[in-house]
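This briefing looks at one helix and the core around it, and then turns to the confidence values that accompany the model.

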Amino acid sequence: MYCIHRDRVFGFKLFDAAIERECTMIMAQDYSANRIRQKFGWFLDDRSETDKRHLTNAGWSEWTAAMCGQTAVDDLYSRILTFSEQTPDRWALTDYANAVTGARVGFEGRAQMGGFGATVLLKMFPKGLLHIHNNE
Amino acid sequence: MATAHKYAMEWTKLSAGGRGGASKRDYGDIGKSWSQKYNLIW
């Protein structure tokens with residue numbers, strides 16, 4: 001899902017249906033309040049609900065949130081901020097983390113920073129690079 | 001663009017359920033591609 005961000009950056013609009021589907025699921029109050037959006041981040045997928053590692057990843061979530069709009073971006077970053085301030089491991093920028101407990105999972109020295117640019121990119125080119133190329 | 005659109009439509013079908021459907025999909029024969037498989041997961 002997060003790879004589709006490039007579809008928006010270029011403005012191809014090939015994956016609008018998939019983006020709409022995903023964003024609706026993530027931000028729906030009745031579904032996601034307890035199943036995707038957790039205290040320390042968004043679950044990567046439905047396996048994170050039952051897997052004891054309860055995986056989240058700031059980078060992948062950031063690419064997704066950027067496509068879902070400002071409300072989603074604000075929602076996600078409030079959780080990343082909570083994670084950064086409260087993670088018991090004091091490992092504020094990590095790869096995998098536990099979305100329920102805030103614990104770092106696995107990787108060391110592998111902060112995923114690219115996602116921090118996801119929203120900035122889309123704000124710089126709201127219609128996509130293709131439209132700039134076409135002088136629209 | 002027609003080829004890209006065709007691929008995108010197929011991918012959208014294969015990724016039914018999005019992240020919420022990750023555990024329900026069968027990834028066994030999808031393009032025999034590591035990247036394609038993981039694109040469908042996340």
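Which residues are exposed on the other side of α6(A)? In this predicted model, those residues are A:Gln70, A:Thr71, A:Asp74, A:Ser78, A:Leu81 and A:Glu85.

**The helix α6(A)**
- The helix α6(A) has 17 residues and reaches 24 Å from its first C-alpha to its last, which is close to the 24 Å expected at 1.5 Å a residue.
- Its buried residues are A:Ala72, A:Leu76, A:Arg79, A:Ile80 and A:Phe83.
- Seen down the axis of α6(A), these buried residues fall within an arc of 100°, and they therefore line one face of the helix.
- An α-helix has 3.6 residues a turn, so residues three or four places apart point the same way.
- The buried residues of α6(A) pack against α2, β1 (37–38), β2 (41–42), α5 and β4 (96–98) of chain A.

**The nonpolar core**
- The largest nonpolar core has 28 residues, and those with the most contacts inside it are A:Ile4, A:Phe15 and A:Trp42.
- Two or more residues of this core come from each of α2 (16–27), α5 (58–68) and α6 (70–86) of chain A, and α5(A) gives the most, with 6 residues.
- Leaving aside residues up to four places away in sequence, A:Phe15 touches A:Ile4 and A:Asp7 as well as B:Ala8 and B:Thr12.

**Confidence**
- The predictor gives the complex an ipTM of 0.79 and a pTM of 0.88.
- For chain B the mean pLDDT is 81, and 88% of the residues of that chain reach 70 or more.

Definitions and conventions
Residues are numbered from 1 along each chain as its sequence is written. Chains are lettered from A and ligands numbered from 1 in the order in which they are written. This is a predicted model: local features need pLDDT of at least 70, side-chain atom pairs count only at pLDDT 80 or more; totals for chains, interfaces and linings use all residues. A nonpolar core is a set of buried Ala, Val, Leu, Ile, Met, Phe, Trp, Tyr and Cys residues joined through C-beta atoms within 7 Å. A residue is buried if 20 or more other C-beta atoms lie within 10 Å of its own, exposed if 12 or fewer, and partly exposed in between; C-beta atoms are placed from the backbone. Helices (H or I, at least four residues) and strands (E, at least two) are DSSP runs, numbered from the N terminus. Two residues are in contact if their C-beta atoms, placed from the backbone, lie within 7 Å. pLDDT is the predictor's confidence in each residue, from 0 to 100. The expected span of a helix is 1.5 Å times one less than its number of residues. The arc is that of the directions from the helix axis to the C-beta atoms.
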